[in-house]
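Please read it alongside the sequence and the coordinates.

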Amino acid sequence: MPENASQALVIVDAERNYYVLPREAVATAKAAPEARALIEAHLGERADVPLCEGYSFAGVLNLPAEADMAHYTSEASWPVASVS
Amino acid sequence: MTPAERRAFTADGYVHLPGLWDGRLSDAIAAEGRERHAHAAIPLSGPRTPVVTRRLPRRATPAASGPLLAQVHLALTGTARALTGRLLVPTFAAYGYYEGDDEVFLHIDTEQCDLTLLTTAFGAVGPLHLHPGLVGATMERLGQLESDPEWDRTAGTRISYPPTGVTALDGHVLPHHRPGRPAPGVQAVAALCYRALF
């Protein structure tokens, strides 16, 4: 998407509700390259529907429930000073 | 979650989210926090601010987790995602106990905390000071400031957590500290951390 603050990706649902995703939101959601394989493994049916400006709709991500707990630990963590 | 709250978080690196729960849950969190104090220990992980020996605190901050806090942590995952627009997942939730003093050295949170939700579990904890002017500073630099007697420990944007909700903080990016003040008894902050899955 070009560097234009007024541009946004727009998706629409079956009831014609629009969802406007501004450029900043899209940039924030950019996944690290090393996550590509994991994302592709969990995309449902690949869509690859061209949108605009080089973007395509890739599909719907369906992660297993355990993915939500992939980084969870019951071990507490807290700031502590150390000697420099 | 309102658009104004999302904009504020993006612009300032923090936003207060009051009214997420009622007084009964606040009381229950306080009760669990007090009960878990007996099980608290100095954590093996977390931000480590490197300071000169003379600046070492008299005591580190013990921390403990708890089942109610874990439930709240998981329940707020959707709020965390809505606020940031990122696919966040919970990493850890803990009570941190300040005994006699509520000082926190200048630091940024670890990579476990792409988003940190903070609330007072019990007691009266002083304001947290945020330092947008220090964004990008390394922990070594933050430790140098903490070690410098000339550094103004009253500096920064002061924030206080809402009583029935959280302050959402971009804690891995935005340096923060609490100057500390003598406070009789024990106070506790609850921290809920999330990281982006991708």
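In strand β10 of chain B, B:His176 is the bridge partner of B:His107. The model is a predicted one, in which local features need pLDDT of at least 70, side-chain atom pairs count only at pLDDT 80 or more, and totals for chains, interfaces and linings use all residues. Residues are numbered from 1 along each chain as its sequence is written, while chains are lettered from A and ligands numbered from 1 in the order in which they are written.

**Sheet strands of chain B**

Helices (H or I, at least four residues) and strands (E, at least two) are DSSP runs, numbered from the N terminus. Two strands pair if DSSP finds at least two bridges between them. β5(B) and β10(B), the latter covering residues 176-178, are antiparallel and joined by 2 bridges. They belong to an open sheet of 4 strands with antiparallel pairing, in the order β5-β10-β7-β8 of chain B. Its edge strands, each pairing on one side only, are β5 (104-107) and β8 (157-159). On average, neighbouring strands of this sheet are turned by 25° against each other, direction ignored; axes here are lines fitted to C-alpha atoms, for helices over the stretch in contact, and angles run from 0 to 180 degrees between N-to-C directions.

Strand β9 of chain B (residues 166-169) is covered on both faces, with B:Val166 and B:Ala168 buried on one side and B:Thr167 and B:Leu169 buried on the other. A residue is buried if 20 or more other C-beta atoms lie within 10 Å of its own, exposed if 12 or fewer, and partly exposed in between, with C-beta atoms placed from the backbone. In a regular strand the side chains alternate between the two faces of the sheet. B:Leu17 stands opposite B:Val166, and B:Leu117 stands opposite B:Ala168.

| Strand pair | Bridges | Direction |
|---|---|---|
| β1(B) (residues 14-17) and β9(B) | 4 bridges | antiparallel |
| β6(B) (residues 115-122) and β9(B) | 3 bridges | antiparallel |
| β5(A) and β2(B) (residues 48-51) | 4 bridges | parallel |

**Helix α3 of chain B**

Helix α3 of chain B (residues 67-75) has B:Leu69, B:Val72 and B:His73 buried. Seen down the axis of α3(B), the buried residues fall within an arc of 105°, so they line one face of the helix; the arc is that of the directions from the helix axis to the C-beta atoms. B:Pro67 and B:Gln71, on the other side of α3(B), are exposed. The packing partners of the buried residues of α3(B) are α2 (23-36), β4 (88-101) and β11 (182-196) of chain B.

**Chain A and its contact with chain B**

Two residues are in contact if their C-beta atoms, placed from the backbone, lie within 7 Å. Chain A puts 24 residues into the contact and chain B 37 residues. On the side of chain A that touches chain B, α1 (23-28) and β5 (80-83) of chain A each supply at least two residues, and β5(A) gives the largest share, 4 residues. Within the parallel pair of β5(A) and β2(B), A:Ser82 stands opposite B:Pro50.

Chain A is assigned domain 1 (1-30) and domain 2 (32-77), with bounds from an automatic or database domain assignment. The centres of these two domains, taken over C-alpha atoms, are 18 Å apart. A:Arg16 is found in the loop between β1 (8-12) and β2 (18-22) of chain A. Its phi is near 65°, a positive value in a residue other than glycine. A:Arg16 counts as exposed because it has 6 C-beta neighbours inside 10 Å.
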